[in-house]
Each structure stands twice: as C-alpha cells, then as structure tokens.
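User: Could you walk me through this model in plain words? I am new to reading structures.

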Amino acid sequence: MRFDLDRFIADCRLALAEDQSHKSVREVVARVVADPASVLKGLGEPRRAEVQKLYHSEDLTILNVIWGPRMTIMPHNHQMWAVIGVYTGREDNIFWRRIPGSENGKVEAAGARALCEKDAEPLGRNIIHSVTNPISRLTGAIHVYGGDFFGAERSEWDPETLLEQRYDVEKTVRLFEEANAVHASAKV
Ligand SMILES: [Fe+2]
C-alpha cells in the first residue's frame, strides 16, 4: 500500500492517544518503513541533506531527516522519546552517558546501534546520541518525537571536548547545509 502522509500522521496521533509511551508509535513507524519503496514514493527520493518538518504539535513532532553522505551530527539529547525509522541508507548511532561527578556535563560513549533500512528504533527520553551516515549516498529516516521537538530545552555536546552546551538549532541547520556544500563541491 502506498505511503500516505496524512494517514501516517493520523495513525501516529491515534497511537499516541492509545499509549503515551513510544510503543504504539514504534509499531506504526515499523509498519511504514517495512515497505521502503512506498515511503520513497510518498515522501519523494532524497535529493539533499535537510530536515523536513512533516508534522509539529505540542505532543508530537514528525520529521523527514535526510543525512548527507558520511555526515555526522554531534552528541545531543531530545528530552522526549523518539522513534527512528530508516527507509533508505544507514544510520550509525553512538549512545553517550554523562560521566558521574564530571563538571560541565562531560559524556563518554556507552553503546552503539547500526540502523539499516526497515529498522524502527525507539530512543528513551534521556538518551544522548550522535548520528553518522556512514555511506556515500543520502540516508533518509522518519523521526517521530513524543513532544515539541523545536520548543524543548535541550543540550548538545561539543564533538571535540565532549562538554555540554545549550542546543543550538541554527548550528544543526548549518551542519546540513555544509553537508550539501561538501557534496556539491565533490561532484565538480
Ligand atoms: Fe537526535
């Protein structure tokens, strides 16, 4: 069945109404990315690194995240649960934890998860992760968050020092644009 964005949003809203945790939403996302060709038809083939806002409310945010080739985003948290459903390419997630007693919120690596096409991975409310697209083409994933992704007070961690700082949305947007610039110059 063809992916239908309005239907998907309605299904996510219904799932959230049934169950405030990520569980029901994860099932909806898993069902959808189980047919990647259909998602690609519905959302369109990825053309550039970007974050497309598909739906945004107080209690639910749905994004179409297109990662640039070999692009990496620094460790950050969300302060709400999330479900990542990959419909093309790959996402490598590194999970981080705060070092107990460390000043400035320094983190250390705590685990990793390689996500492939058709995977629908839940992330807990307190998760800190960084994401790399390890392949040489664009990766596309539907990211669903159990809250207002853009309004929440969040942190990011400097990729060099691993120290905590306030999350900067503009910086994230710039990272996607830089990925496009690198890709464009590589083609010349
Ligand atoms: Fe994230």
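The chat below goes from the whole chain to a few single residues.

User: What should I know before I start?

Analyst: This is a predicted model, in which local features need pLDDT of at least 70 and side-chain atom pairs count only at pLDDT 80 or more, while totals for chains, interfaces and linings use all residues. Residues are numbered from 1 along each chain as its sequence is written, and side-chain values use heavy atoms, with hydrogens and water left out.

User: Ok, how many helices and strands does the protein chain have?

Analyst: The protein chain has four helices and eleven strands, where helices (H or I, at least four residues) and strands (E, at least two) are DSSP runs numbered from the N terminus. Its radius of gyration is 16 Å, close to the 16 Å that the globule rule gives for 188 residues, so the chain is as compact as a globular protein of that length. That radius is taken over C-alpha atoms, and the globule rule is 2.2 Å times the number of residues to the power 0.38.

User: And how much of the protein chain is buried?

Analyst: Of the 188 residues, 45% count as buried; buried means under 20% relative accessible area, exposed over 50%, and partly exposed in between, using a 1.4 Å probe and protein chains only.

User: Switching topic, which residues are the protein donors of the iron ion?

Analyst: The iron ion has the protein donors H76, H78 and H129, each through its NE2 atom, lying 2.1 Å from the ion. Donors here are N, O and S atoms within 2.8 Å of the metal (3.2 Å for Na, K and Ca), and water is not among the atoms, so sites may look incomplete.

User: What about helix α3, which of its residues are buried?

Analyst: In helix α3 (residues 36-43), the buried residues are P36, S38, V39, L40 and L43. These residues pack against α2 (23-33), β1 (50-56), β2 (61-67), β4 (82-88) and β9. Just after α3 comes G44, which takes a positive phi of about 95°.

User: Which residues other than glycine have a positive phi?

Analyst: Among them is Q79, with a positive phi of about 65°, found in the loop between β3 and β4 and partly exposed at 32% relative accessibility. Another is N104, whose phi is near 65°; N104 is in the loop between β5 and β6 (107-116) and is exposed, with a relative accessible area of 52%.

User: Back to glycines, what does G89 touch?

Analyst: Not counting residues up to four places away in sequence, G89 touches C116, E117, I135, R137 and T139, where contact means heavy atoms within 4.5 Å. G89 lies in the loop between β4 and β5 (90-98), and is buried, with a relative accessible area of 6%.

User: And which residues is G146 in contact with?

Analyst: Leaving aside neighbours within four places in sequence, G146 is in contact with D59, M80 and W81. G146 is in the loop between β9 (139-145) and β10 (155-157), and at 25% relative accessibility G146 counts as partly exposed.
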